Amino acid sequence: MLRRTIGENIELVCSLAADLWPVLADPGHVEQVVMNLAVNARDAMPEGGQLRIETRNIQAHSGQVLLRVADTGSGMDSHTKANLFQPFFTTKGLGKGTGLGLATVFGLVSQAGGKISVHSELGEGARFEILLPRTQGTVASLPSLAPGASCRGTETLLVVEDEPKIRQAAQRILTEAGYAVLCPNDIRDALALVNGQGDPIDLLLVDVIMPEMNGVRFAELMREKRPSARILFMSGYTDDAVSSSNLPGVEVFRKPFTSQSLLSRVRLALDE
């Protein structure tokens with residue numbers, strides 16, 4: 001997925017230790033951290049370059065795991081470095097960045113008990129280093145489909161997502177897997193589908209953060225009208241908004257997603 005995201009003009013080099021210690025972190029959060037850093041690196045290398053991802057154990061301070069993401073891009077000045085992790089701070093042009101990517105990275109790393117630092121100079125690229133504390137506990141197994149189980153289905157799914165590209169990608173992936181997919185363009189149309197007397201809705205796939213109505217509120221309305229429907233939240237941010245909800249039996253699915261991860265999570269949510 002990273003190779004498709006960064007493009008063909010950027011070389012991806014990975015140096016990943018095989019004996020990494022366990023850390024106490026959400027795997028989806030770690031994927032999101034790497035993806036956000038890779039997207040920023042890509043934008044800093046419009047003419048191409050190298051993206052290097054490294055992991056290794058650090059013996060100091062009772063043991064830490066290092067995740068390093070480095071690029072050969074344009075680098076940053078002191079003002080940019082000082083404000084890098086501030087919400088809504090961006091050096092990208094109007095409409096090209098929300099300024100939330102690195103703020104989200106900082107929040108996710110902090111949530112895992114880690115620390116993040118950046119080393120960069122103008123014209124000399126950037127290097128992000130994340131240190132996560134080693135845990136002595138056992139690594140819990142995440143829910144997964146049984147080996148050989150199919151991710152396909154025929155249920156009716158309602159996808160509520162304000163970003164058109166993500167919405168269209170989810171619709172294509174789920175439709176090709178056999179599902180009947182309702183994919184309204186906005187909240188108003190989504191509410192009309194929920195309040196209507198049409199086909200039953202087996203699962204709601206809804207984004208947490210949306211401009212007109214947040215996903216938690218929409219899910220609450222959905223529960224009132226369609227109490228039997230499963231609910232699967234999508235989020236590119238931390239799960240604070242979901243954890244404040246009193247909805248029973250909800251799940252959070254992390255963006256960005258691959259076809260397989262989306263199909264797997266939808267199938268699991270329907271079968272639980």
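Predicted model: local features only at pLDDT ≥ 70, side-chain atom pairs only at ≥ 80, totals over all residues.
Helix α5, residues 164-176, and helix α9, residues 259-271, cross at roughly 65°, and their axes come within 10 Å. By that cut-off, α5 and α9 are therefore roughly perpendicular to each other. The crossing itself is right-handed. Who's touching whom? On the α5 side you've got A170, I173 and L174, and on the α9 side S259, L262, L263 and V266. Sort those by class and you get six nonpolar residues, one polar and no charged ones.

Now the second pair, α2 and α4. That's residues 27-43 packing with residues 101-111, at an angle of about 150°, axes 9 Å apart. Over 145 counts as roughly antiparallel, so that's what α2 is to α4. This crossing is left-handed. From α2, the contact uses H29, Q32, V33, N36, L37 and N40; from α4, G101, L102, T104, V105, L108, V109 and Q111. And the make-up here?

Okay, zooming out to the whole chain. We have nine helices and 10 strands. Of the 272 residues, 43% are buried. Take the contacts between residues at least 6 apart in sequence: 67% of them join residues at least 24 apart.

Key: Residues numbered from 1 in each chain as written. Heavy atoms only, no water. Axes fitted to C-alpha atoms, helices over the stretch in contact; angles between N-to-C directions. Helix = DSSP H or I, 4+ residues; strand = E, 2+ residues; numbered from the N terminus. Parallel < 35°, antiparallel > 145°, perpendicular 65-115°, else oblique. Left-handed = near helix turned anticlockwise from the far one by under 90°. Contact = heavy atoms within 4.5 Å. Buried < 20%, exposed > 50% of the residue type's maximum accessible area, 1.4 Å probe, protein only. Nonpolar A, V, L, I, M, F, W, Y, C, P; charged D, E, K, R; others polar.
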